[in-house]
Amino acid sequence: MATQSLIPAGDYRTTYAADTTIFPTAGSRYAVWAGLALLCCAPLVLDRYWLSLLIQIGYFAVAALGLNILVGFTGQISIGHAAFFGFGAFASAWLSNNYGIPVFFAIPLAGVMTTAVGLIFGLPAARLKGLYLAIATLAAQYILQDFFARANWFTGGVAGTHAEAFSIFGFAFDTDHRYFYVVLAYLVLTFVLATNLMRSRDGRALVAVRDHYLSAEMMGINLTRYRTLSFGLSAFFAGIGGALYAHYLQFVSVEGFGILLSIQFLGMIIIGGLGTIMGTLMGTAFMVLVPEAMGWITDAVRGSALDRALSLKDNLSFLREMAIGLVIVLFLMFEPDGLAHRWRQIKAYWKLYPFSH
Amino acid sequence: MLRLSLASATVLACAVPALAAEIPIGHLADQSGATSDVGVPYAQGVADALAYVNRKGGIKGEKMNVETVDYGYQVPRAVALYKKWTGGRDKVAAIQGWGTADTEALSAFVTKDEIPYISGSYAAQVSDPTGASGKAKAAPYNFFYGPSYSDALRAMLMWAADDWKAKGKTGKPKYVHMGGNHPYPNSPKEAGEAMAKDLGFEVLPPIVFALAPGDYTAQCLTAKNAGANYAYLGNTGGSNISLLKSCKAVGTDIQFMGNVWGMDENAAKAAGEAANGVVFPVRTAAVSGSTAPGMAMAAEISKVSDPAGTAYRPVHYYTGICAALYMTEALAWAKDNGGLAGPNVRKGFYQKKDWVPAGMEGVCVPSTWSPTDHRGMMEVNIYRAKVSGPTDGALPDLMKAGTIKLEPVKTVTLPRKSEWQGW
């Protein structure tokens, strides 16, 4: 993947620390701070609908980040991510409902529990690769889903279970305006965590496993350990995301964690850009907003001259579903490196403007 | 690039509907999920009735802005849609809902937000507005039009007990509950089994079959080997059709009792002779072809989506109409009596006793809701599906020729027992 650096000419790095900085330019650092400040003001100006979309992007992005560590950074594959997402949701609800553990602690604990489950299901990863591993993770998806439907003590069975609202010292974060901050805090925390992880020795080992596992092994990287670890890490983020989802909806049902959601997670990271932290957030936003945008468009078309001329009527809703698919296909055809790549190109365009090279 | 993004932003900005001075109504429909076979006609009935009311001037002169969304029978999607409808400035005045799982999941939310929720689920669990029965949580904002699943099953079991005697059979009849492992088929399970025991049935272990069409030979063999005489089918038409066909192939001798969503004209056509003899409750006092006075208005409503007036409307369509019209009358009362806030609309449901929406006489069964009891009706109209030949061809022709018939069997009026409330 060709990347265009935005570091000004003459800016030489003389230490490793300077070389691995998160923000290569002061401008990008300020932009992130400004973006965060803007997001903090969002509940003051946005209504519940828009906030619910942002919250959705938030908890899905946390979980998708885990998948990106697994798929994008380590080169493994998983089509059972939704099951780990679900496990985190149920675990957090279970901990707070049955043991009186405040939701504040239940969310990270659910992440830890999901990590344990992820490590178990990650064990085949030590021996399997590619499609074989994909099918092994598919098994994880079905085993866990079946477990959710049967384990009444844990999940409430098919009827689902209630999840407490997030609260600190009796102050309940039970509205979208308040819960937004909880998700934002977790989003920032997990993204910083993942970014730093990728700058660490272990993170580089994961990338080495992806790029060339034989070379990595010859360099002394324990493949089994890192492949399994990557599953554990991925499950951790999925668990946190799931827990955030549970306490947002305040209701968890087995139906939410099917294979379709797993595929959607894959869609998020592929569209966002495999192996980029920033891309994960972009891809998630894309996957959450496209169906909504298609909804707005079909609402606008409904009853209009176009609708009458083509007598679409009820078919509009089906057109909507098809259009979502089409947008994704077109996107993959024309932007296979993901949104993160496109974003880098936009930045480079403005950096180099008016000269294209 | 820039131009493209600007253009798409403009399109999106224009697309957001800006409809303020209307009454927003949310409508959850299952048009693509596991229960879409009956979800489609019911949702059509609701949508047509609401559009009809709008055509006639709306709620006391104010039109409704109905948003019908297919949520695919997925609880999380229903919860997300609910959040959308109750957020922002255009908070919905009421919601037309659908499934049991999502109705139960949303029950706590609608209670908190005080939003009347008229459901397509008749789970007894959401029929206790105060929670005084101790068997279910308080659901003060949940309403449904029809007998609860439990009450309908109780009535069918009463009929079954009589039927067993009428056939001159001796010994204990065996009863089995069949359905998917899902809140909807499970909802009346305990109530039905308790009632069956009281009536002298031997209760067999329940048999699970999925809420989607499939091969259910194994389940039929289980029921046959256990010697079941009466079986309750908790699923909707689509999966029941598969089961009935499998059971016919296996050669069982079981009197099947569908629930209100378990059998209709379309299911009888699809199942063919396998559906012959299945009894099921019908929530309206009339079915297609009836001459009840309300059928004229129902025909007008049907023309909203079928201007030619030729479409055949199954039982669920009329039920959808009734459910929608009860809501619009409650809204109308609220508008005259303090505004469209949730608590007022809720009061609107309590204003009359044995009440039928205007113009629907003889179609909607007189219903009564009270602040302490949301069991709208205790009257259960039991029908039998009769299939007397091959069911190829169009449904209206089959109904006209009498190849498929819905025969009224018995109307059971259950006592309004307080111990039956909530389960």
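In this predicted model, the buried residues of helix α5(A) are covered by several elements of chain A, including α4 (81-98), α6 (130-150), β2 (166-168), α8 (176-199) and α11 (223-249). Helix α5(A) runs over residues 103-122. Its buried residues are Val103(A), Ala106(A), Ile107(A), Ala110(A), Gly111(A), Thr114(A), Thr115(A), Val117(A), Gly118(A) and Gly122(A). The length of the helix was checked against its residue count.

The N-terminal end of α11(A) is capped by Asn222(A). A side-chain oxygen of Asn222(A) lies 3.3 Å from the backbone nitrogen of Thr224(A). Gln250(A) follows α11(A). This residue is not a glycine, yet its phi is positive, at about 60°. Gln250(A) belongs to the loop between α11 and β4 (251-252) of chain A. Its relative accessible area is 13%, so Gln250(A) is buried.

Glu114(B) sits in the loop between α4 and β4 (117-119) of chain B. Glu114(B) has 38% relative accessibility and therefore counts as partly exposed.

Helix α3 of chain A covers residues 48-73 and contains Ser52(A). At 6% relative accessibility, Ser52(A) counts as buried, the cut-off being under 20%. The side chain of Ser52(A) reaches the backbone oxygen of Tyr49(A) at 2.7 Å. Beyond residues up to four places away in sequence, Ser52(A) touches Asp176(A) and Tyr248(A).

Asp176(A) also takes part in a salt bridge with Arg48(A), with the closest N and O atoms 3.4 Å apart. Arg48(A) lies in helix α3 of chain A and Asp176(A) in helix α8 of chain A, so the pair ties together parts that are 128 residues apart in sequence. Both Arg48(A) and Asp176(A) are buried.

Salt bridges within chain B were examined next. Lys60(B) pairs with Asp336(B) in a salt bridge whose closest N and O atoms are 2.9 Å apart. This pair links distant parts of the chain, 276 residues apart. Lys60(B) is in the loop between α2 (36-55) and β2 (64-70) of chain B, and Asp336(B) is in helix α12 (residues 315-336) of chain B. With 49% relative accessibility, Asp336(B) counts as partly exposed. Another salt bridge joins Arg416(B) and Asp373(B), with the closest N and O atoms 3.0 Å apart. Arg416(B) lies in the segment after β13 (404-413) of chain B, and Asp373(B) in the loop between α13 (342-350) and β12 (379-387) of chain B, so the pair ties together parts 43 residues apart in sequence. Arg416(B) is partly exposed, at 39% relative accessible area. Asp373(B) is buried, at 8%. Salt bridges that share partners join Arg48(A), Asp176(A) and Lys83(B) into one network. Over all chains, the structure holds 18 salt bridges.

The interface brings 27 residues of chain B into contact with 26 residues of chain A. The area buried between the two chains is about 2400 Å², and carbon and sulfur atoms give 61% of this area. Across the interface there are 2 residue pairs in polar contact and 2 salt bridges. Asp174(A) forms a salt bridge with Lys112(B), the closest N and O atoms being 3.7 Å apart. On the side of chain B that touches chain A, the elements giving two or more residues are α1 (2-15), α3 (75-86), α4 (100-113) and α6 (183-186) of chain B. The largest share, 6 residues, comes from α3(B). The residues on this side divide into 13 nonpolar, 8 polar and 6 charged.

Lys351(A) lies in helix α16 of chain A, residues 339-352. At 49% relative accessibility, Lys351(A) counts as partly exposed. Its C-alpha atom is separated by 42 Å from that of Leu306(A), 45 residues apart along the chain.

Terms used
Residues are numbered from 1 along each chain as its sequence is written. Chains are lettered from A and ligands numbered from 1 in the order in which they are written. This is a predicted model: local features need pLDDT of at least 70, side-chain atom pairs count only at pLDDT 80 or more; totals for chains, interfaces and linings use all residues. Side-chain values use heavy atoms; hydrogens and water are left out. Helices (H or I, at least four residues) and strands (E, at least two) are DSSP runs, numbered from the N terminus. The expected span of a helix is 1.5 Å times one less than its number of residues. Buried means under 20% relative accessible area, exposed over 50%, partly exposed in between (1.4 Å probe, protein chains only). Contact means heavy atoms within 4.5 Å. A polar contact is a pair of N or O atoms within 3.5 Å; within protein, one must be able to donate a hydrogen and the other to accept it, and residues adjacent in sequence count only if both atoms are side-chain atoms. Buried area is the accessible area (1.4 Å probe) that two parts lose on being put together, summed over both. A salt bridge is a side-chain nitrogen of Lys or Arg within 4 Å of a carboxyl oxygen of Asp or Glu. Ala, Val, Leu, Ile, Met, Phe, Trp, Tyr, Cys and Pro count as nonpolar, Asp, Glu, Lys and Arg as charged, and the others, Gly among them, as polar.
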